[in-house]
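Please take a look at the structure below. A short briefing follows.

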Amino acid sequence: MAVHAVRGAIQVDADDRDEILSATAELVTAVMERNALTTDDVISVLFTATPDLTAEFPALAARKLGFHDVPLLCAAEIAVPHALPRVIRLMAHVSADRPRSDIQHVYLRGATALRLDIAQ
């Protein structure tokens, strides 16, 4: 088994608790499904949110999806001028029996603009 990092991001419509939880759940679910992962495969997940998102911790959505034994951490993105607003990002460290080239990174909604080269 190898350890891989899986990246993802999603743009939310507003700094609203329900919107943050819903969008984060959508992102986490897409990452898990596209990479055929279970929570047992996940070593840890780092979530970041742009400084304009403060209504809730994105990690709470992962907890609600069953990530009870997975270490989760939230942090704020740096406030870069002209950066895409209202974005939640994740980097999951996973144990997977496949090459790095088979890992699918997931960029949803407006966040597809962040990585047009790999967004699905």
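Is arginine 89 buried or exposed? Arginine 89 is buried, with a relative accessible area of 16%; buried means under 20%, exposed over 50% and partly exposed in between, computed with a 1.4 Å probe on protein chains only. The model is predicted: local features need pLDDT of at least 70, side-chain atom pairs count only at pLDDT 80 or more, and totals for chains, interfaces and linings use all residues. Residues are numbered from 1 along each chain as its sequence is written, and side-chain values use heavy atoms, without hydrogens and water.

**Annotated site**
- An unreviewed UniProt entry lists Arg7, Arg89 and Tyr107 under "binding site".
- These residues span 101 residues in sequence, yet no two of their C-alpha atoms are more than 8.9 Å apart, so they gather at one spot.
- UniProt positions follow the numbering used here, feature names are shortened, and annotations may be inferred rather than shown by experiment.

**Site residues**
- Arginine 89 lies in strand S4 (residues 87-96); strands (E, at least two residues) and helices (H or I, at least four) are DSSP runs, numbered from the N terminus.
- Beyond its neighbours within four places in sequence, arginine 89 has contacts (heavy atoms within 4.5 Å) that include Arg7, Thr48, Glu77 and Leu114.
- Tyrosine 107 sits in strand S5 (residues 106-108).
- Tyrosine 107 is buried, at 3% relative accessibility.

**Strand pairing**
- Strands S2 (residues 42-49) and S3 (residues 72-76) run parallel, joined by five bridges; pairing requires at least two DSSP bridges between two strands.
- Valine 45 has leucine 72 in S3 as its bridge partner.
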